[in-house]
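Please look at the structure shown here, and then read the short report that follows.

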Amino acid sequence: RLAVQRSVGPFVPFSLLAGRLRRCAARPWGLRRAAMEEPAAKRAKTAAEEDEAVEFEEDAPADDAPRIDRDVGFALEDTTMNVSQLEEGRILAPCGDGGLQHFLATARADCGVRSGRYVFEARLVEPPTAAEEPDAKLAKATAKSPRHLRIGVTSSSTHFLGDSMDSICFDTGGSLVFNKKRTTVGKAFGLQTVVAVVINLDIASPHANTISLFQDGRRVCRPQKLPESLIGKVLYPTINFRGVAVEYNFGSERLAPLPFQCRALQDASAKDVEVKPPAIKEGSTPEVLFPVCLPDEGTFDWLDVFLKENPHYQELSDRALLRWAESSGIAKHKAESRTSNDRPEMSFTISSVDRASVRNALLALAPSQKRNYVVMEVRGNLVKEDRKAQLQRWPGHDFKRVAAVMMSDPPPEFRRAVHAALLQEKQAASDKEFRTRKAEEKKQRDMELRAKKVERDRKRILKKQRKAAEEARRKIAIDNKKREAAARGEEYDPAEDPEMKARVAQESEEEPMELEDQEPPEEDPPAVQLTSEEQKVLFMKHAVPDLTPYNLNTSFAKYSLPTEEEGFDSVRYDWANSDQCRATLSAWVTEKRNTTKVEDIEPGDWFRGRWKEWQRTLSSWHATQKQFKALQSKHAAEKAKRAAAAKAKATREKAEAMRREKLEAEKKAKAAERGDAEGDAIVEGDAEMPDAAQGEAAETTPSTSQGDPAATEPVEEELREPGNHDFDFMDVYGSSDVADIGGGEPLFSRFAFEDWSMLALRAELTLLAHSFKRDVQDEGRLGMHVDHLGFYYTKYFKKPWNLKFFGVESATELLWLIRDTIVLSKRGKLVCAQVPDDIESFGIFAMLTEEARRERVRRVDMGDKSAKLCIKEHGMHAGVAHAVSAVPAKAPGLTPLQPKGPPPKPSAVGTALLMVPTKPKTAPPMGGASLIRPNLGATALRPTMRR
């Protein structure tokens with residue numbers, strides 16, 4: 001009952017409470033509890049209603065202290081550039097042109113409260129009048145609220161309320177906002193509502209160091225305690241608004257009376273407030289500062305230090321615009337990373353911001369406002385043409401145009417700031433590593449404690465089981481002894497039994513409990529110090545560069561120092577004198593010329609002509625090698641054919657000799673059987689055989705001269721092997737024609753795939769090195785840097801730069817393979833060609849490649865495995881693949897080795913020449929005449945097939 005009555009407030013009939021209690025009792029406990037809890041807004045509303053009846057503040061006592069002698073308001077330098085001040089009605093109006101209506105308009109008073117209690121008021125007086133854009137619906141959906149107001153105090157130079165620990169405020173939703181955290185304290189308010197903020201810094205008040213909000217003279221919330229970060233500091237009234245115009249009041253005449261007497265800020269005592277003097281004194285001319293710094297050499301670090309020391313300067317840069325948009329609550333459409341500080345990407349859903357119309361609107365609006373500006377354009381302030389274009393925006397009679405040059409070694413105070421930032425980053429990294437290590441140690445310690453606890457619980461269970469078993473055995477032993485004593489007629493007392501006493505004493509002894517590991521005391525992260533090398537650092541290295549590589553590479557050659565002749569009222573040198581700055585810039589540009597890429601370089605006519613000539617030469621060399629290989633194959637086939645014929649002839653002669661020997665042996669054996677006389681008669685009879693009989697014998701005994709192809713074959717000429725027989729010993733540089741060094745053999749006859757790849761690489765990089773110097777048209781560039789070799793290779797040859805094809809990891813390793821053609825300079829790692837650009841023939845590349853091939857073969861034969869090339873043939877180099885594809889399928893005068901159609905059938909003579917005699921499976925009978933015939937099942941050799 002008390003809970004429900006407290007939630008719904010007093011003056012509620014109990015009958016209603018009883019009905020609500022019955023309904024809550026019928027629900028589960030979670031629903032009953034949710035029903036008893038009221039929303040935060042309703043509780044705040046109830047608290048506000050209670051606060052209306054009781055006022056916490058008292059009337060301000062009379063004070064005769066001197067008052068401030070100037071009007072409190074908003075200085076122009078303390079407002080954003082989209083704020084217009086209407087002095088007649090003390091109204092702050094937003095600018096709604098060029099997309100500025102999407103950004104928060106901020107204004108900070110020029111009078112801050114140090115002590116005492118004071119009030120200031122504001123009223124939302126009109127709706128936005130910005131013109132609707134094509135993406136107005138998207139802009140309204142993206143913005144947090146079409147009408148937005150924050151009113152509060154800030155302690156530093158920041159203008160945005162609630163985003164940091166330096167400010168606190170109330171917003172239109174009735175929330176208190178501090179460090180991006182919202183707490184609902186009252187109801188929302190809108191147009192024509194007068195809101196008043198009371199700042200109580202009076203230490204004698206019971207509500208000291210508080211801030212309160214009133215709407216139309218009624219208290220909205222209890223006094224809210226100020227955070228510790230704001231106590232003891234000077235607090236400046238600040239207003240942030242969007243989509244509305246704001247009427248402010250610092251005077252004693254209230255727009256809405258308060259329930260107590262409170263002094264207005266305009267009526268403040270001089271001792272209680274701090275009044276800022278105007279940044280631009282009456283009659284003085286505002287200044288436009290153009291910082292001239294080298295990229296990534298303290299440019300924006302210097303700007304941050306300068307703005308911290310001179311908060312009345314307004315930064316004009318894309319970086320400031322991006323920060324303003326993020327503080328205004330404009331959500332990003334894509335989470336893109338920044339590529340530069342000078343020109344960060346405007347990745348927002350609102351088209352007017354994406355198309356840079358806000359930048360143009362600000363540049364057009366800035367000259368009409370009497371402020372001090374810092375125009376931070378890293379690239380533009382270094383280029384003479386861009387400086388002149390910027391100066392035209394700022395009329396000389398309204399602004400003092402100053403160029404500040406920061407080059408060479410920075411001053412000691414800047415170095416100290418850089419070293420402090422380096423130490424802070426190093427300490428943050430050390431603290432993170434320390435916390436990570438401590439978390440890992442705690443995790444390991446917890447795992448060990450859990451393991452010990454499991455082991456301890458296991459031991460306890462085992463001990464309990466052993467104790468129960470021992471107790472059971474002891475009881476059994478006692479019962480047995482009682483029965484034995486009863487059998488003897490005696491009484492048994494376990495307390496007097498020594499054995500039982502020992503058992504009881506053993507059971508009573510408990511194992512000592514293991515003490516839990518104590519948590520180690522908390523340690524503070526160790527303090528780090530800068531090393532001697534880090535103390536020599538002059539500029540911070542940031543993750544985001546000042547310029548994109550493309551902008552830097554295409555513009556650094558135009559960098560120059562500003563002069564008064566360009567239109568500047570003064571040119572000052574803050575870090576060094578003009579001569580030192582000029583020398584620093586010259587050395588920096590020279591270094592960049594040899595270390596940066598030329599993004600807009602294009603191949604010239606000289607390269608295109610030489611490249612076509614090289615392609616034709618390479619194609620002809622491939623064709624020449626193929627012709628020579630074909631001649632070698634033809635010679636090998638003819639040589640094999642003659643060897644086979646000679647072998648067949650020798651086999652045939654050997655078979656004939658064996659047949660004759662066998663016939664003679666048979667004759668002698670028959671003669672021996674019939675006796676010597678009879679044998680002689682037979683011999684004489686054979687000699688006197690008539691002509692007819694001799695004819696028959698001639699028919700049975702074939703003549704060796706008839707039917708013998710070898711006897712009728714003409715004598716063949718000696719077969720001469722094509723090529724140079726002294727190839728391995730000849731000087732590679734001794735021949736003027738690499739296509740024929742003797743015997744029709746080219747110098748590159750033994751080139752394999754990897755040799756052709758290295759040949760093409762030598763020629764291509766030599767052409768690239770010479771063409772770069774011709775096409776860059778910059779005498780200051782001594783050559784191209786080795787790190788950019790792949791970029792220029794792709795730019796010139798229109799094919800990818802693949803280091804893995806050559807089996808290397810870097811361009812330096814690749815150039816080491818062709819160090820006879822391309823070398824690196826000792827300073828700067830510039831690519832230098834060893835071969836001049838006025839050579840008449842490309843034969844020098846073939847000579848260098850052949851010499852390298854011989855050296856590689858020699859080293860491999862000696863067991864040096866590191867001499868082998870790791871070129872991947874399946875990923876054919878583009879230059880080699882192009883040259884191979886350019887070779888015709890049939891070179892002039894070259895007969896293909898593989899005939900079209902099926903292979904021809906061998907002739908009888910050819911078959912006989914290729915027959916090889918085989919040993920018979922069974923021995924011939926000793927009594928009859930038999931001949932060893934060739935194996936008729938043998939097949940002829942097929943013609944040599946080209947691979």
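## Strand β11 and its partners

In β12, Phe 214 is the bridge partner of Ala 196, and β11 pairs with strand β12 (residues 210–215) in the antiparallel sense over six bridges; strands are DSSP runs of E with at least two residues, numbered from the N terminus, and two of them pair if DSSP finds at least two bridges between them. Strand β6 (residues 116–126) also runs antiparallel to β11 and is joined to β11 by eight bridges, with Asn 200 in β11 as the bridge partner of Arg 117.

This is a predicted model, in which local features need pLDDT of at least 70, side-chain atom pairs count only at pLDDT 80 or more, and totals for chains, interfaces and linings use all residues. Residues are numbered from 1 along each chain as its sequence is written, and side-chain values use heavy atoms, with hydrogens and water left out.

## How β11 is covered

Strand β11 (residues 194–201) is mostly covered, since eight of its eight residues are buried (under 20% relative accessible area, with a 1.4 Å probe and protein chains only). Val 194, Ala 196, Val 198 and Asn 200 point one way from β11, whereas Val 195, Val 197, Ile 199 and Leu 201 point the other way.

## Two crossing helices

The axes of helix α20 (residues 753–776) and helix α21 (residues 789–797) come within 11 Å and cross at roughly 90°; the two helices are therefore roughly perpendicular to each other (65 to 115 degrees). Helices here are DSSP runs of H or I with at least four residues, and axes are lines fitted to C-alpha atoms over the stretch in contact, with angles from 0 to 180 degrees between N-to-C directions.

Notes. Buried means under 20% relative accessible area, exposed over 50%, partly exposed in between (1.4 Å probe, protein chains only). Angles under 35 degrees count as roughly parallel, over 145 as roughly antiparallel, 65 to 115 as roughly perpendicular and the rest as oblique.
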